[in-house]
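Student: I am new to this structure. Can you show me how to read its features, one at a time?
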Amino acid sequence: MKRIGILSDTHGSLDPRAYAALADCDLLFHAGDIGDPAILRELETLAPVVAVLGNNDFPEYGDGVGRFAFPEVEGVHFLMTHIPPHKRLSGLAGAGLKPGDPRPQVIIHGHTHVPTLEWGPTIRPASLLLCPGAVFRPRGGYPRCVAKMEVEDGAVKRAWIESIEDDREIARWPETSGVA
């Protein structure tokens with residue numbers, strides 16, 4: 001089983017509490033508005049990082065960081081972008097998905113600064129939609145947050161969003177259900 005740490009909207013400031021909260025992760029996803037290449041270098045001291053550009057980022061991160069990423073971890077296919085996509089994959093034609101590409105089981109985005117964890121028929125054909133909230137300047141009365149997800153054998157075992165301010169859970173995807 002792999003644990004993935006997910007963060008977004010650092011805007012050039014990696015809160016030490018976010019860094020500490022992600023220390024138990026095998027892999028990190030940064031969903032954009034990074035703000036400074038040093039943020040990715042610092043995160044890489046914890047685990048390998050997959051990142052996408054946000055609307056406030058520029059190509060200074062190199063060829064490995066684009067507007068979309070399609071990581072596959074333990075058989076689970078992800079689509080990561082900064083701007084929230086239309087919840088149905090038909091709205092992702094500009095994301096670089098081609099006929100025959102694996103359909104993402106999980107869509108991750110940033111941008112809104114509001115933690116979101118959704119599942120069910122409204123997000124099909126994906127099974128899970130996640131925005132980790134924001135490490136810097138959260139909105140909607142939410143605290144600074146990161147998300148975590150455990151994946152194994154082609155399934156998401158559990159996912160949750162946690163406050164880095166007071167260690168409480170903001171949202172959880174039920175551990176008893178698996179994402180196909």
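Tutor: Start with burial. A residue is buried under 20% relative accessible area, exposed over 50%, and partly exposed in between. Keep in mind that this is a predicted model.

Student: Into which class does Arg137 fall, buried, exposed or partly exposed?
Tutor: Its relative accessibility is 46%, so Arg137 counts as partly exposed. Look for Arg137 in the loop between E9 and E10. Check its backbone too. Arg137 is not a glycine, yet its phi is positive, about 55°.

Student: Where is Asp33, and is it buried or exposed?
Tutor: Asp33 lies in the loop between E2 and helix H2 (37-43). Its relative accessible area is 2%, and buried means under 20%, so Asp33 is buried. Phi of Asp33 is also positive, near 55°, and this residue is not a glycine either.

Student: Which residues does Asp33 touch?
Tutor: Leave out residues up to four places away in sequence. Asp33 then touches Asp9, Thr10, His11, Gly54, Asn55, Asn56, Asp57 and His82.

Student: How far is Asp33 from Asp167?
Tutor: Their C-alpha atoms are separated by 23 Å. Along the chain, the two residues are 134 residues apart.

Student: Now the interior. What is the general idea?
Tutor: In soluble globular proteins, nonpolar side chains tend to be buried together. Here, the largest nonpolar core has 24 residues. Phe29, Phe78, Ile108, Met149 and Val156 touch the most other members.

Student: Which elements give two or more residues to this core?
Tutor: They are strands E1 (2-7), E2 (27-30), E6 (76-81), E7 (106-108), E9 (128-132), E10 (145-152) and E11 (155-163). E10 gives the largest share, 4 residues.

Student: How many aromatic pairs does the structure hold?
Tutor: There is 1. The ring centres of Phe29 and Phe78 are 5.1 Å apart. Their planes meet at 80°, and planes over 60 degrees apart count as edge-to-face, so this pair is edge-to-face. The pair links distant parts of the chain: Phe29 is in strand E2, Phe78 is in strand E6, and they are 49 residues apart. Both residues are buried.

Student: What sits over the ring of Trp160?
Tutor: The charged end of Arg158 does, 4.2 Å from the ring centre.

Student: How do E10 and E11 run, and how many bridges join them?
Tutor: E10 and E11 run antiparallel, joined by 8 bridges. Take Cys145 as one case: its bridge partner is Ser163, in E11.

Key
Residues are numbered from 1 along each chain as its sequence is written. This is a predicted model: local features need pLDDT of at least 70, side-chain atom pairs count only at pLDDT 80 or more; totals for chains, interfaces and linings use all residues. Side-chain values use heavy atoms; hydrogens and water are left out. A nonpolar core is a set of buried Ala, Val, Leu, Ile, Met, Phe, Trp, Tyr and Cys residues joined through side-chain atoms within 4.5 Å. Buried means under 20% relative accessible area, exposed over 50%, partly exposed in between (1.4 Å probe, protein chains only). Rings of Phe, Tyr and Trp (its six-membered ring) pair if their centres lie within 6.5 Å; planes under 30 degrees apart count as stacked, over 60 as edge-to-face and the rest as tilted. A charge sits over a ring if NZ of Lys or CZ of Arg is within 6 Å of the ring centre and within 35 degrees of the ring normal. Two strands pair if DSSP finds at least two bridges between them. Contact means heavy atoms within 4.5 Å.
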